[in-house]
Amino acid sequence: MSAIITRRTLLAGTAASAALPLVGARAQAPFGVGFVYVGPVGDHGWTWTHDQGRKAVEAAYGNKVKTSFIENVAEGPDAARAIRQLAQAGDQLIFTTSFGFMNPTIQVAKQFPKIKFEHATGYQRAENVATYNARFYEGRAVIGTIAGHMSKSGQAGYIASFPIPEVVMGINAFHLAAKKVNPNFKTKVIWASTWYDPAKEADAAKALIDQGCDVITQHTDSAAALQAAEQRGVFAFGQASDMKAFAPKAHLSAIVDDWSGYYVKRVKEAMDGTWKSGDVWGGIKDGMVKLAPYNDAVTPAARAAADEVQKGIVAGTLHPFTGELKDQKGTLRLKAGETASDEILSKMDWYVDGVQA
Amino acid sequence: MLEWRRRREPSKAMLYLSPLIAVGLTMLTGMLVFGAIGYDGLRAVTAIFITPLVEPQRWADLGVKAAPLIMIALGLAIGFRANVWNIGAEGQYVMGAIAGTGVALLTHDMTGWWILPAMALAGIIGGAAWAALPALLKVRLQVSEILTSLMLTYVAVQFLYYLVRGPWKDPDGFNFPQTRMFSASQTLPAVAEGSLVHLGVPLAVLLALIAWFVMAKTVAGYAVRVVGRAPAAARHGGFDANRVTWAALLAGGGLAGLAGLFEAAGPFGQLTPQFPVGYGFTAIIVAFLGRLSPPGIVFGALVLAVTYVGGEIAQSTVRLPSAATGMFQALLLFFLLATDVLVRYRLAWKTRPARSAP
Amino acid sequence: MTAAILVSIFMTLAAAATPILLAALGELVTEKAGVLNLGVEGMMLCGAVAGFAVAYSTGSVPLGLLAATLAGVAAAMIFALLTLGLGSNQVAMGLALTIFGIGASSLIGAGFVGRTITRLGPLFPADYAAHPWLRLVVGHDAIVYLSLALVLAVSLFLRRTKAGLILRAVGENADSAHAIGYRVLAIRTAATAFGGALAGLGGAYFSLALTPMWADRLTAGRGWIALALVVFAAWKPGRLLIGAYLFGAVATFELQAKAAGLSFIAPEVLAMTPYLATIVVLTMMSLGRRTGGRDAPACLGKPFPAP
């Protein structure tokens, strides 16, 4: 428990020391917005999508803003240094875009109470530190629906990185959606124990295909699994961005991360002085999660079902995690009709029945 | 025509001048290359090499970044002088941090002044133990320590992954692969309230002074140098090469382990899979930049710290990609290693050899 | 497990083994001449990016492979110039070369991220290459066959030719070789260049055959495994072949086992196995040496002339 207590104490301390936001002091100078990235902007994955968001901010406000970024920042003390550097260079709003930047962000934010910080995917907040994340599991539910329709063998392969809640809820959401279409659906998970190793991701896809999976999806960063699927003539989904170029036949759709709307809005609020700390968890409805155009191969029935799921999620009539839900061991996790709270989601460490993980 | 001539004595002047020449050449080449591909070469070079030195708020960063490099390189240099090629400091650094963290996890609900020293001791032992295996294999079986120490690095890193993803995972950490945060009694204090500079930074400099004294003024230091330079003479002089091998590897491993523990108990405050950032490998380069002497190592570590910190400044101000920082570092190393030749050779006009008639 | 799966597993493992085999074979020749080049990962990345850039720009995979080979040689020549020409320390230089390779490949590759090419296909016509079991033999791409041929060629070269004998002499005792009149530095430079060429080719196998794309650090540390493999193989090309395929087999079977729902071993334990095995082999070799076995090239990593 000591860790949590430390974190809480830290939060309380920060809240007390936070000052009022700086408004209008530098009305003439461009508003500085900084970004700290965990990977290279050229990763065509996670970091690339955040950099698209940065470009959207530039496009929206022109010379009223000045954006800067530091890429390839290691999670740990190096991150604190990079964040501090942007703060000292005069940026007034700083986005830190990886879970491992959480402690460094909180730490630096304490030192700079007048600067606003936004940390992606974390759970620690302060008066001047907001958190944001996307409900990728909503996208997983849509591609799971497509997978359920398109798979002939009734088996999907899922290449996953590490069993953190984010990844676990993605697997469960995908499987639950596919199972709705095909009650006998199986989802086979390979833990690649890496976020990025193209050759290994490709080999993992091949192993899943060998074991009878005819739809491949992934929660790792490269497009290698799609290429392997294309080569073997099975279907797959893109990750983080539209990856159709890598696999024109195999690429059924992709979960596209779109941070631009959020970034543009938050920069505006920071400029206006209306910015407030908080926790935003945006999904399909907010435009943070999008689906890439369906491949021509996606059957009309699958299309209709996928659109239906999307509409339901947007309208709030469908939650990907709705009871009655039992985990692999048969423990009841959600009662009939109950939907999973954000609390349950963000701590998820169990798998629904039918997932082989 | 110019030609290289071997100096009778290594040049003292060049020993000190050549690193500066190398830095100058790197700046010039970098300016030209990055200018040619469309960046503001002058601003890039200024941001990387000058800004970190002239902005006082960057100095703490430089110290924090240089400290582990200094500590590891000091230990390695002792070995390199004795012809003991420990290149697995990264593994010893990781094992030191693991051993120290083990103590931290055992004492997580305790307080007391003794906890941090116990962690430091565990760090030294962990690093030294990881270096003891190459030492044993070298002394007993003449197995190359270059290869064994390098291989053990990967074993150590995988062991770290195993621990933080498995048995040592923070029970309150939502399954994220990381240990719990260290408590106040387990965290390295800052040199002054609110400063980023932790106790490890002045300690690294102090260790450099001690290492300089030991190497230059004591019999032990002399033994290391003799064994490295003239093993046969050393045997006649009664110096035991095996003992020097043991001492060099244990000292290198112990210092690397202590550096690892300081990094874990200082800037990190926990162990995560991102803990190994390559300080053990960078320190090898630092040791050579410093020409294997403790004062030189402090300089070399600072130069590398400048390129890291400056690289980030260049990214945010000139939009130089982070890969360019890597290129600058590589260029700097190429030039520094290349200009080492100036210490042993000098450039001279070629004198035309008298031709004898055929 | 059906026969079809076994055939497929073998195809995957051969592809996984090939780039490591190539890079390690090049390093083996370099080390046999007494040069320790730790920059294999950097040279592989140079080859990977150059190969992809040229193949993408010209549309020709063979041209890409050629460019990759040359890029590997170029990187190796930086190393040779500084270590053999100017007498810099090989360990430090090898590490610097890796830093260089990571940075240079990322800079050059920035314009090619997100693009793809048609991958290197099987060497033989599709009628044979797609045959259910005949493809075990004829279903591979040209580089797989080339790597096997190179293992044989290097083995014969080192054991049966005069040039091979000289190369080994330079690695075992540079001073004696020099005294007899061999040009130690020229021979070592050639061996380093060969190592660079094969590392470059091995790197390009990633960007042109396995995962036809460019992304930063595409080879994800395979260069270090290649280095370990040379030692594991006790500097013998035949054993290198076995070692590389063994590595490919272990990696492939691990994924297959996971896909089949079996997890029998922690992935971290599996990942450290090649390195632990290398240490065991080194130790066994040293024990064997007392009864007449052989060991690393005696001059490995030592500068010539001695400083």
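Beyond its neighbours within four places in sequence, Ala73(B) is in contact (C-beta atoms, placed from the backbone, within 7 Å) with several residues, including Ala283(B), Val286(B) and Ala287(B).

## Contact of chains B and C

Chain B gives 33 residues to the contact and chain C gives 37 residues. On the side of chain B that touches chain C, H13(B) supplies the largest share, ten residues. That side holds 26 nonpolar residues, six polar and one charged; Ala, Val, Leu, Ile, Met, Phe, Trp, Tyr, Cys and Pro count as nonpolar, Asp, Glu, Lys and Arg as charged, and the others, Gly among them, as polar.

## Sheet in chain A

Seven strands of chain A form an open sheet of mixed pairing, in the order E12-E10-E9-E8-E6-E7-E15. Helices (H or I, at least four residues) and strands (E, at least two) are DSSP runs numbered from the N terminus, and strands pair if DSSP finds at least two bridges between them. Strand E12 (289-291) and strand E15 (355-356) of chain A each have a single partner strand, so one side of each lacks a neighbour in the sheet.

Strand E10 (residues 251-257) of chain A runs antiparallel to E12(A), joined by three bridges. Val256(A) lies opposite Lys290(A) of E12(A).

## Conventions

Residues are numbered from 1 along each chain as its sequence is written, while chains are lettered from A and ligands numbered from 1 in the order in which they are written. In this predicted model, local features need pLDDT of at least 70 and side-chain atom pairs count only at pLDDT 80 or more, whereas totals for chains, interfaces and linings use all residues.

Definitions and conventions. Two residues are in contact if their C-beta atoms, placed from the backbone, lie within 7 Å.
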